[in-house]
Amino acid sequence: MTSAIETKNLSISYGKNLIIHELDLKIPKGEITVFIGANGCGKSTLLRSIARLLKPTSGTVILEGKAIAKLSTKEVAKQMAILPQSPSAPEGLTVLQLVKQGRYPHQTWLRQWSEEDEKKVNNALKATRLEELKEKPVDALSGGQRQRAWIAMTLAQDTDILLLDEPTTYLDLTHQIEILDLLFELNEKEKRTVVMVLHDLNLACRYAHHIVAIKNQKVFAQGKPEHVINRSLVKAVFDMDCEVTPDPLFGTPLCIPYGKGRCILKEVVISHG
Amino acid sequence: MSKYKNLRLFNGKMSLLIDRKAAFIYTTLAIIAFVVFVISTGLGEMKINPLTVVKVLLGLGPEMETLVITSFRLPRIIVALTVGISLAIAGAILQGLVRNPLASPEVLGISGGAAVAVVGFMSIFSDQNHSLTVSIAWLPLAAFIGASVMGVLVYFLSWKNGVPPIRLVLIGIGISALMQAFTTFLMVTGPIYQASQANIWITGSVYGSNWTNVAILVPGAVILIILAILATRQLNVQELGDDVATGLGDNVQKHRFLLLMLSTALIGISVAFAGTIGFVGLMAPHMARRLVGSSFEALIPTSAFIGGILVMLADLIGRTAFSPLEVPAGVFTAGIGAPYFIYLLFKTRNS
């Protein structure tokens, strides 16, 4: 399995705080990789550093075989797109105007709307089902639609790799599934490499081909969710006692925490392991 | 008719997407600006009808009217138009960079810096008889330098791993207040002649504009305006936030600095020839956004013409409404602008 992105000995600090320490990671090409971990464990920091939004204290990020620090920011933008957490668009900007911006790395001051640009933008609007809404202001859309608009922008950027920092936080469940289904489809159809930070462990297990658990400034475990996620991992990474059982719809690991709540079972059936 | 027009020339080597509705709006504003220009030129102590004005502009007018227009009125109205356009574009750029509709040349201390430079210039280069020891032609340069120095200073003081917009605004407001205090101090401790001269100038006036001024101002402004138009894509992408802009391949810090300097140059050149005409850089882009939205392709021309119209009207009222008194244009732009600013503050108080 070739890697789209690799980190070698990556260390990142905020001032004196060491967030990530000498982390080695290989992100598989053409798959969906999800970073999970407790709040503040550094998963967003790691993603942002890979996206070159943050400069690492030491170590390297390698993009398609080349050190990212040696590439111009424009070259990187042609290979990798990033959707940061809670992006905001200026008041009144329409969906079309936003998605057009995705073409930025491919344009020059003279060539601002080539046929290629037009095609990619239209494809992005189609893939995110926003064609009917393209003249609406972004701030007038629902949470799910707005997020789709931002994703459409990154699609128009036409990169092999898509990074998303908590794309589903603040969305209600319907919209969370809407976004994750979209990303899953894009990966299936177009084989784009997707790397995202998700805070919902169960959704992560359902959509990720490759899951990376971050703890103590390093990769604690990584691999297929069904190989990696179990009681002891969840306890170690999230300090939470839970049952891990196959999801009844998808078969992927479903984590059910112990704790308080109304127990209405007549018989409690527990599987060990 | 579709909403957009694809403009593709030279076999695709040049391409642009034009929003028809926005184009209609700024073209209409351009026509209004021209009409205001012609009418304004015709008004004053000697009233000249618009048709005659157009004849004079074409070089076919009667001698007396041509003299009045070309010697007294044209330079001043051209300066008013150019300054209005420049301040409006500068304000649009600042608001895009700082991502805050309250950002403007005054708020960020840049106009204040120019004001200090001018009053300082007049203090330093005056002798006992209260007259200037150097040519007044150096005054515009002093204003320009003051604006640029303040622009750079505000930028570097705001630097902290890049320039977060909020810091830029806060530091700008602080510096602005400091500059105002300093200016008042210089005026109070200086000779009386200076204080009243400086005061008129600071309020913002195009009184006394001549063709020399125009010859320096207009080419300079045109170059800067062209640069602003060339920077449209960078402006658009910066509005999306630093992270998104970097992700799209923009060199955010470098472009932010250059755009700030471009804005400062536009402000400096305006302040040099017309004093601090306040609030145009705040109101014009704001009104423009209401009309054509936040995309800079339309925002720049729309703000520009609104700014030009505002200053020309302010000057027109100032020199005709209180005849024979001349009230500086800055009084009227502040008269509409200050309540507008307060209204904006009031509206955004919940966000």
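This is a predicted model: local features need pLDDT of at least 70, side-chain atom pairs count only at pLDDT 80 or more; totals for chains, interfaces and linings use all residues.
Student: What radius of gyration does chain A have, and what would a compact globule have?
Tutor: The C-alpha trace of chain A spans about 70 × 45 × 35 Å along its principal axes. Because chain A has 273 residues, a compact globule would have a radius of gyration near 19 Å. The value for chain A agrees with this, at 20 Å.

Student: Which helix of chain A gives the most to the side that touches chain B?
Tutor: In total, 30 residues of chain A are in contact with 26 residues of chain B. The elements of chain A that give two or more residues to this side are helix 2 (73-79), strand 6 (80-83) and helix 3 (95-101). By class, this side has 16 nonpolar, 10 polar and four charged residues. With four residues, the element that gives the most is helix 2 of chain A.

Student: Which residues touch the most other members of the largest nonpolar core?
Tutor: This core has 95 residues, and helix 3 (residues 63-98) of chain B gives the most to it, with 18 residues. Beyond its neighbours within four places in sequence, Ile89(B) is in contact with Ile225(B), Ala228(B), Leu266(B), Ile300(B), Ser303(B) and Ala304(B). The residues that touch the most other members are Ile89(B) and Ile93(B).

Definitions and conventions. Residues are numbered from 1 along each chain as its sequence is written. Chains are lettered from A and ligands numbered from 1 in the order in which they are written. The radius of gyration is taken over C-alpha atoms; the globule rule is 2.2 Å times the number of residues to the power 0.38. Two residues are in contact if their C-beta atoms, placed from the backbone, lie within 7 Å. Ala, Val, Leu, Ile, Met, Phe, Trp, Tyr, Cys and Pro count as nonpolar, Asp, Glu, Lys and Arg as charged, and the others, Gly among them, as polar. A nonpolar core is a set of buried Ala, Val, Leu, Ile, Met, Phe, Trp, Tyr and Cys residues joined through C-beta atoms within 7 Å. A residue is buried if 20 or more other C-beta atoms lie within 10 Å of its own, exposed if 12 or fewer, and partly exposed in between; C-beta atoms are placed from the backbone.
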